[in-house]
Amino acid sequence: MKLEVGKLLYQGKAKDVYETDHPDQVMVKFRDDITAGDGQKKDKIGKKGYYNSIISAKFFLLLAEEGVETQYLDLPEPGYMLCKKLEMIPLEVIARNVAAGSLVRRFPFQEGQELDPPLIQMDFKNDEYHDPMLNDDIAKALGIVTQDDLDYIRRVTLKINKILKNFLESKGLMFPDFKIEYGRDKEGNIVLGDEISPDTCRFWDRETCDILDKDLFRKGESGVIEAYRRVAEIILDEDDLEKWSLDPE
Ligand SMILES: Nc1ncnc2c1ncn2[C@@H]1O[C@H](COP(=O)(O)OP(=O)(O)OP(=O)(O)O)[C@@H](O)[C@H]1O
Ligand SMILES: [Mg+2]
């Protein structure tokens, strides 16, 4: 099936955003493109868009059940997510439960060290400036958010972290960190947008310590798509699997 979509509004590194016939809604197409290292490392991984879309849909639905405002409206077919159209806030909001990645490179933390309470970090989402870390004062001076917005984003991100971490731990996965993006809907409410997937999260198998996320690609290891499929297999329940097959085609 090929879905009817409107004009292409925006093409990012991993997703396309299309107009729909509803002015407040967009169709987000999850592509198979994968990038790392500030866009330096690039590839295409068959079915990645498929898995990321069903994994994101599952997480958005779970969060909505717990009262988090999300962009998610529908997944008319895997790969395509119907979303609330948002005016994106150029922040990469990161929550960390375990030290990994750039935190370990930039600060004297040990990889795998527990961070309790969890840390919230915000980076300025701007390719030209290479997404630098910022603080509340810089974000406010840039005019992208108010202090109230920052307080709200922080509170909601901690709530999202708690919900997802509990859920994933119940499935045997550790949740070291994740990155999310927020936007404003037409009423001005701050709503969770973008995606929550192995491209934007770290997932570690608690028993085997297997990495099940984009770090495999960053490190040039094999089994990237198998890891993404495994995340879908772990988090989807029987009802989900009736709608979204784990083995398309
Ligand atoms: N609900 C939404 N409404 C409008 N735009 C959205 C929504 N959710 C996500 N976006 C934006 O869609 C774009 C495409 O996503 P993708 O992840 O491919 O881009 P990116 O490469 O991370 O970002 P960019 O190209 O903007 O630097 C991103 O700019 C993202 O902020
Ligand atoms: Mg992105």
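Let's start with a term: a salt bridge is a side-chain nitrogen of Lys or Arg within 4 Å of a carboxyl oxygen of Asp or Glu. Lys15 and Asp194 make one here, and their closest N and O atoms lie 2.8 Å apart.

A quick note on the model. It is predicted, so local features need pLDDT of at least 70 and side-chain atom pairs pLDDT 80 or more, while totals for chains, interfaces and linings use all residues. Residues are numbered from 1 along each chain as its sequence is written, and side-chain values use heavy atoms, without hydrogens and water.

Now the layout. An automatic or database assignment sets the domain bounds: domain 1 covers 8–86 + 224–243, and domain 2 covers 87–204. Their centres, taken over C-alpha atoms, are 18 Å apart. With contact meaning heavy atoms within 4.5 Å, 29 residues of domain 1 meet 28 residues of domain 2.

What crosses the interface of the two domains? The rule finds six salt bridges there. On the domain 1 side, helix 1 gives the most, with nine residues. Helices here are DSSP runs (H or I, at least four residues), and strands are too (E, at least two), numbered from the N terminus.

Key:
Chains lettered and ligands numbered in written order.
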